[in-house]
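I opened this notebook page to record what I looked up in the structure. The entries follow the order of my reading.

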Amino acid sequence: MSYLYFPGCSLRSTGRPYEESILAVFRKLDIPLTELDDWNCCGATAYVSIDENKAFTLAARNLALAERMHSNGNAGEDLMAPCSACYLVLEKTQHYIKTDEGVKRDVTAALQRGGFDYKGTTKVRHPLDILVNDIGLERIAKAVVRPMKGINVACYYGCQVVRPFETFDHAAYPTTMDRLVTALGARAIDWPMKARCCGGSLTGTIQEAGLRLNRALLLEATKRGANVILTCCPLCQHNLECYQKRINRRFGESINIPVAYFTQFIGLALGIPPKELGIQRLFIPLKFAETPGKEAHAHA
Amino acid sequence: MKLPTPPAVRTTATKSPPPMKTVVRRLKFESELDLSFGEHVAERAYGQKLLSCIQCGTCSATCPLSQYMDYTPRRIIAMTREGFKDEVLNSLTIWLCASCYACTVQCPREIHITDVMYALKREAIARGFYPARNPIPVLAKAFFERVRHDGRNTESRLLITLYLRTNPFKMLKEALLGFHLFRTGRLTLKKEKIKGMKEFRTMIDSAGPQKEAVPL
């Protein structure tokens with residue numbers, strides 16, 4: 001089992017702890033990852049607002065690069081995209097190349113001018129899907145050295161990892177991450193807003209609306225007793241964490257809840273040192289990260 | 001984006017009554033509408049299903065942002081279908097849509113509502129139907145240029161461009177957040193770039209023909 005890895009622009013910037021923790025967890029589980037050579041930006045939601053054909057071509061170049069690397073025997077055929085926006089854009093491009101004749105014709109022609117002959121075999125995967133459905137909860141649970149007992153987790157999926165295609169989980173009430181954190185010994189709280197939108201880039205553009213969406217999510221998670229919110233998208237993490245102070249000031253709230261990547265949480269349970277998981281980069285400190293529970297000592 | 005300020009409370013009866021509001025209501029007849037607009041958009045949003053909307057309102061109920069929109073998604077669909085082109089392209093709704101696809105998965109008619117919103121955004125940008133400092137089209141354009149130039153996006157540089165083109169004072173407001181991100185190693189000015197730049201641009205520039213180029 002090996003995977004091609006598409007970092008995307010966010011994981012090289014605001015999402016840096018996400019990349020660090022993904023690489024650390026996959027190394028610990030002995031799953032080889034090969035970075036997609038010369039990958040380009042997926043186009044996010046902005047490119048398609050300007051020109052659809054160019055947006056599809058942009059994303060398809062990555063799919064074609066992945067196919068080429070796979071057929072040269074350099075990696076598996078699954079392309080892992082950890083950022084929800086990258087994941088959906090690549091997945092959607094693949095979907096429309098397969099189902100829409102017009103898109104297929106235009107994109108194939110553009111790719112050929114760049115020297116690519118894309119057959120359409122690349123499969124786009126999200127690390128959450130890979131960890132739970134390929135590697136399996138049993139194998140992850142066996143590797144746990146520090147069960148995350150007594151920690152209440154609000155699993156937040158956001159939008160684009162489950163919608164609109166529902167590739168590996170339900171569109172409105174997904175459970176993959178909940179099962180994962182349960183296998184690590186933590187308790188996943190039940191909350192109805194786990195797949196409600198965080199507003200994406202609205203916090204940077206129409207901030208008044210963006211802050212309100214995040215406030216609703218943060219209040220609900222706090223009310224239901226969560227100690228931490230776990231996300232699987234760099235933009236969700238950024239929105240929920242970095243704007244907490246502003247939300248408190250703007251609406252007179254007193255929210256203070258850490259927001260981490262689900263891979264950081266797995267890493268802690270697997271006994272990876274917090275520094276290697278980028279825990280120190282979080283704005284709101286994860287208190288339980290530095291103090292291993294009794295269980296960890298029993299195993300040592 | 002400013003929320004409407006509530007009217008000032010009048011404390012004494014001696015003050016003069018508020019000036020009479022002039023409400024302009026105008027009938028719009030078919031001759032003023034663009035009757036082909038609905039079909040034009042439907043074609044660009046994958047399928048004629050847009051035209052089969054039953055106006056149930058599930059999209060508006062599902063949308064986490066509909067309460068802040070000037071027209072709810074259901075109304076946008078109806079107005080698009082009936083040819084209210086100017087109203088639709090001038091609406092805030094299309095810019096508030098954050099592409100979370102909640103409406104798309106719930107729609108009983110399987111209308112790709114998020115794709116409809118994208119198609120409307122493209123029409124509005126191509127035709128200049130937005131306020132000069134509306135940050136979303138500016139962000140989309142800046143992003144488009146940056147990626148065409150480098151093959152990748154550098155978040156810090158994109159944000160600086162956005163603030164310079166919309167509201168430079170906002171950059172000061174965001175400076176503290178930027179500093180914290182920088183301090184924790186989550187923001188860098190280092191440019192991300194790809195190697196195969198020449199082929200990349202050939203591909204992007206030649207991609208087409210752009211469907212939107214068809215005149216309305």
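Predicted model: local features only at pLDDT ≥ 70, side-chain atom pairs only at ≥ 80, totals over all residues.

Residues are numbered from 1 along each chain as its sequence is written.

Interface. I found 68 residues of chain A in contact with 64 residues of chain B, contact being heavy atoms within 4.5 Å. The area buried between the two chains is about 5900 Å², and carbon and sulfur atoms give 61% of it; buried area is the accessible area (1.4 Å probe) that two parts lose on being put together, summed over both. A:Tyr47, A:Ile50 and A:Ile206 supply 11% of what chain A buries against chain B, more than any other three residues.

Salt bridges. I looked up those across the interface of chain A and chain B, and the rule finds five; it asks for a side-chain nitrogen of Lys or Arg within 4 Å of a carboxyl oxygen of Asp or Glu. A:Asp37 forms a salt bridge with B:Lys195, with the closest N and O atoms 3.3 Å apart.

Tyrosine. I located B:Tyr68 in the loop between α2 (58-62) and α3 (73-82) of chain B, helices being DSSP runs of H or I, at least four residues, numbered from the N terminus. Leaving aside neighbours within four places in sequence, B:Tyr68 is in contact with A:Ala209, A:Arg212 and B:Leu96. The C-alpha atoms of B:Tyr68 and B:Arg133 are separated by 19 Å.

Notes: Chains lettered and ligands numbered in written order. Heavy atoms only, no water. Helix = DSSP H or I, 4+ residues; strand = E, 2+ residues; numbered from the N terminus.
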